[in-house]
Amino acid sequence: MTDPALRPHRNFYGRTHGKTLRRSQKTYLTEDLEVLRLPGVTFDENPDRHPLDLAARFGGRLVWLEIGFGGGEHLVHMAGLHPEVGLIGCEPFVNGIAMALGKLRAAEGGNVAIHPGDVRDLFDVLPDAALSKVFLNYPDPWPKARHHRRRFVTPEYLLPLARACAPGAELRVATDIPDYVRQTLEEVPPAGFDLIRHSGEPWADWISTRYEQKALREGRVPDYLTFRRCG
Ligand SMILES: C[S@@+](CC[C@H](N)C(=O)[O-])C[C@H]1O[C@@H](n2cnc3c(N)ncnc32)[C@H](O)[C@@H]1O
């Protein structure tokens with residue numbers, strides 16, 4: 001078994017807990033998460049970081065990933081639109097996970113798996129070229145210049161993401177922060193992706209998220225970027 005001292009140290013600067021959960025949300029977390037959770041991602045469960053058997057989980061379907069799904073609006077929407085794919089949602093914020101679980105219970109789809117934690121732990125155990133589409137909707141903006149290296153669009157995240165993407169896989173990024181657009185355009189292509197679309201218009205199958213609604217109310221303007229994994 002791998003020596004715990006060899007585990008990578010990963011700083012996580014976001015929130016994992018918010019206000020007190022409602023009773024129904026606690027039920028979702030105790031009952032539903034156990035069924036929907038993707039096993040074998042945490043270091044405790046998989047200390048040697050064996051690749052996940054995604055075919056066993058999704059029956060050979062194409063696999064998509066949403067990173068930081070927040071309250072799950074987009075995750076649940078996409079899962080409903082595309083029952084033919086397996087969708088992994090990743091989110092460390094417990095209140096968001098609980099909200100998404102409530103929506104999933106109502107939607108009754110069977111094609112979603114959840115990693116309730118940091119996407120970097122998931123990247124460790126995704127097989128090479130496992131993903132055919134990835135959504136990064138409104139990643140944490142980290143507006144201060146000294147915090148820009150915490151952003152998702154840095155090699156610490158992008159290189160393992162690129163490894164896990166199949167050639168031709170689509171990466172969608174939505175953001176309301178002009179400087180995040182700048183950094184995305186600078187850092188995503190060298191990680192192995194080509195920009196194929198940059199627009200103020202969302203994708204045809206888009207659903208607006210809670211975060212986007214707040215951004216629009218506050219007068220910020222979204223950018224929607226699409227990249228394709230080279231190869
Ligand atoms: C600004 S919120 C946007 C949420 C949602 N995508 C939306 O559009 O409403 C960013 C989300 O990314 C999540 N996040 C931050 N770091 C993450 C990480 N390392 N792995 C997975 N999710 C992360 C946060 O917990 C938060 O819910």
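## Exercise 1: Thr 209 and Arg 210

Thr 209 sits in the loop that links strand 6 to helix 8 (210–217). Please keep in mind that this is a predicted model.

**Task.** Decide whether Thr 209 is buried or exposed, and which residues it contacts beyond its neighbours within four places in sequence.

**Solution.** 
- Step 1: Count the neighbours. Thr 209 has 20 other C-beta atoms within 10 Å.
- Step 2: Apply the cut-off. A residue is buried if 20 or more other C-beta atoms lie within 10 Å of its own, so Thr 209 is buried.
- Step 3: Look for contacts. Leaving aside neighbours within four places in sequence, Thr 209 is in contact with Gly 70, Glu 73, His 74, Asn 137 and Tyr 138.

**Task.** Now do this for Arg 210: how does it count by its C-beta neighbours?

**Solution.** 
- Step 1: Arg 210 is placed in helix 8.
- Step 2: Arg 210 has 15 C-beta neighbours inside 10 Å, so it counts as partly exposed.
- Step 3: Not counting residues up to four places away in sequence, Arg 210 touches Gly 70, Gly 71 and Glu 73.

## Exercise 2: The annotated positions

**Task.** Find where UniProt places the feature "binding site".

**Solution.** 
- Step 1: The unreviewed UniProt entry gives Lys 144, Asp 176, Thr 209, Arg 210, Tyr 211 and Glu 212 for this feature.
- Step 2: These positions span 69 residues in sequence, and the farthest two C-alpha atoms are 23.8 Å apart, so they do not all gather at one spot.

## Exercise 3: The sheet

**Task.** Work out in what order the 7 strands form the sheet.

**Solution.** 
- Step 1: The order is 3-2-1-4-5-7-6, in an open sheet with mixed pairing.
- Step 2: Strand 3 (112–115) and strand 6 (193–199) stand at the edges with a single partner strand each, so one side of each has no neighbour in the sheet.
- Step 3: From one strand to the next, the twist averages 20 degrees.
- Step 4: Strand 1 (residues 63–67) pairs with strand 4 (residues 131–137) in the parallel sense over 5 bridges. Trp 64 stands opposite Lys 133 in strand 4.

## Exercise 4: Two packed helices

**Task.** Describe how helix 3 (residues 73–81) and helix 4 (residues 94–107) pack.

**Solution.** 
- Step 1: Their angle is about 25 degrees, and their axes are 9 Å apart.
- Step 2: Angles under 35 degrees count as roughly parallel, so helix 3 is roughly parallel to helix 4.
- Step 3: Leu 75, Val 76, Ala 79 and Gly 80 of helix 3 make the contact with Ala 100, Lys 103, Leu 104 and Ala 107 of helix 4.

Note on methods
Residues numbered from 1 in each chain as written. Predicted model: local features only at pLDDT ≥ 70, side-chain atom pairs only at ≥ 80, totals over all residues. Pairing = 2+ DSSP bridges. Helix = DSSP H or I, 4+ residues; strand = E, 2+ residues; numbered from the N terminus. Axes fitted to C-alpha atoms, helices over the stretch in contact; angles between N-to-C directions. UniProt positions renumbered as here; feature names shortened; annotations may be inferred. Buried ≥ 20, exposed ≤ 12 C-beta atoms within 10 Å, placed from the backbone. Contact = placed C-beta atoms within 7 Å. Parallel < 35°, antiparallel > 145°, perpendicular 65-115°, else oblique.
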